[in-house]
Amino acid sequence: LLLVLSGNASAQVTETFDISSFQPPKGWVKQTGQNSFQISSGDKLSGAYCLITLFKSISSSGSSKQNFADAWQTVVRSTVNVSSEPQLSPMENADGWEVLSGYSPFEKDGAKGVAILVTATGFGKMVNSLILTNSDAYEKDIASFLGSIVLKKPTAAAVTETIVSQTSPISV
């Protein structure tokens, strides 16, 4: 799966959560919480499902590779039992954001599927998306959703404030 965050435009309605603007697939169930935006779809007849969670941005803890590794531990491993380390896709650059994605098979409560994590790092921030699915029938919707995400760049003042807050205080 090639998962890249970019600014593709289409006729769908654009929604915003935190610093992310995006176009959810039509007909998917939406749920917004304080720290995440979720969309889901399922087919009761076949048992196929897909759940995508877009998390609120947090401060970056380092490089894009370190952010991905940290998010894999806190987001993926705390949600499902993955059976292996993630298979990583090549890093992409999307408008100043370094995007790293990876996937691994999982099992939870007898259900099996694939967990995909997409981490965007830039401007002192990190944004994570977790996709859980058991069917490739959702591949087009997943790619379309991820391709629609546009991340707002912080203002220069906000970037300076983040850098200053991450350094030790200066003694006078």
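Trainee: How much accessible surface does the protein have, and what share of this surface belongs to carbon and sulfur atoms?

Mentor: Please bear in mind that this is a predicted model. The accessible surface comes to about 9,700 Å², and carbon and sulfur atoms account for 53% of that surface.

Trainee: What percentage of the residues count as buried?

Mentor: A residue counts as buried when its relative accessible area is under 20%. By that criterion, 39% of the 172 residues of this protein are buried.

Trainee: How many helices and strands are there in the protein?

Mentor: The protein has three helices and 13 strands. Contacts show how the chain is folded upon itself: among those between residues at least 6 apart in sequence, 53% join residues at least 24 apart.

Trainee: Which residues of helix α1 are buried, and against which strands do they pack?

Mentor: Helix α1 covers residues 64–76, and its buried residues are Ser-64, Asn-67, Phe-68, Ala-71, Trp-72, Val-75 and Val-76. These buried residues pack against β5 (48–55), β7 (81–82), β8 (87–88), β10 (97–108), β11 (111–122) and β12 (125–133).

Trainee: How many aromatic pairs does a search of the whole structure find?

Mentor: The search finds five aromatic pairs. To classify a pair, one considers the angle between the ring planes: over 60 degrees counts as edge-to-face, and under 30 degrees as stacked. The rings of Trp-28 and Tyr-138 have planes at 85° and centres 5.8 Å apart, so this pair is edge-to-face.

Trainee: Why does the pair of Trp-28 and Tyr-138 tie together parts that are 110 residues apart in sequence?

Mentor: The reason is where the two residues lie: Trp-28 is in the loop between β2 (20–22) and β3 (29–32), whereas Tyr-138 is in the loop between β12 and α2 (139–148). Trp-28 is buried, with a relative accessible area of 8%, and Tyr-138 counts as buried at 8% relative accessibility.

For a stacked pair, consider Phe-68 and Trp-72: their ring centres are 5.9 Å apart and their planes stand at 25°, so the pair is stacked. Both residues belong to helix α1, four residues apart, which is about one turn of the helix. Phe-68 and Trp-72 are both buried.

Trainee: Which residues form one aromatic cluster?

Mentor: Phe-22, Phe-37 and Phe-145 form one aromatic cluster.

Trainee: How many salt bridges does a search of the whole structure find?

Mentor: There are three salt bridges. Lys-30 is partly exposed, its relative accessible area being 46%.

Trainee: With which residue does Arg-77 form a salt bridge?

Mentor: Its partner is Glu-85, and the closest N and O atoms are 2.7 Å apart. Arg-77 is partly exposed at 32% relative accessibility, whereas Glu-85 is exposed at 53%.

Trainee: With which residue does Asp-95 form a salt bridge?

Mentor: Asp-95 forms a salt bridge with Lys-153, the closest N and O atoms being 3.2 Å apart. The two residues are 58 residues apart: Asp-95 lies in the loop between β9 (92–94) and β10, and Lys-153 in the loop between β13 (150–151) and α3 (156–165). Asp-95 is exposed at 55% relative accessibility, while Lys-153 is partly exposed at 39%.

Conventions:
Residues numbered from 1 in each chain as written. Predicted model: local features only at pLDDT ≥ 70, side-chain atom pairs only at ≥ 80, totals over all residues. Heavy atoms only, no water. Buried < 20%, exposed > 50% of the residue type's maximum accessible area, 1.4 Å probe, protein only. Contact = heavy atoms within 4.5 Å. Phe/Tyr/Trp six-rings, centres within 6.5 Å; stacked < 30°, edge-to-face > 60°. Salt bridge = Lys/Arg side-chain N within 4 Å of Asp/Glu carboxyl O. Areas by Shrake-Rupley, 256 points an atom, 1.4 Å probe, with all protein chains shown as cover.
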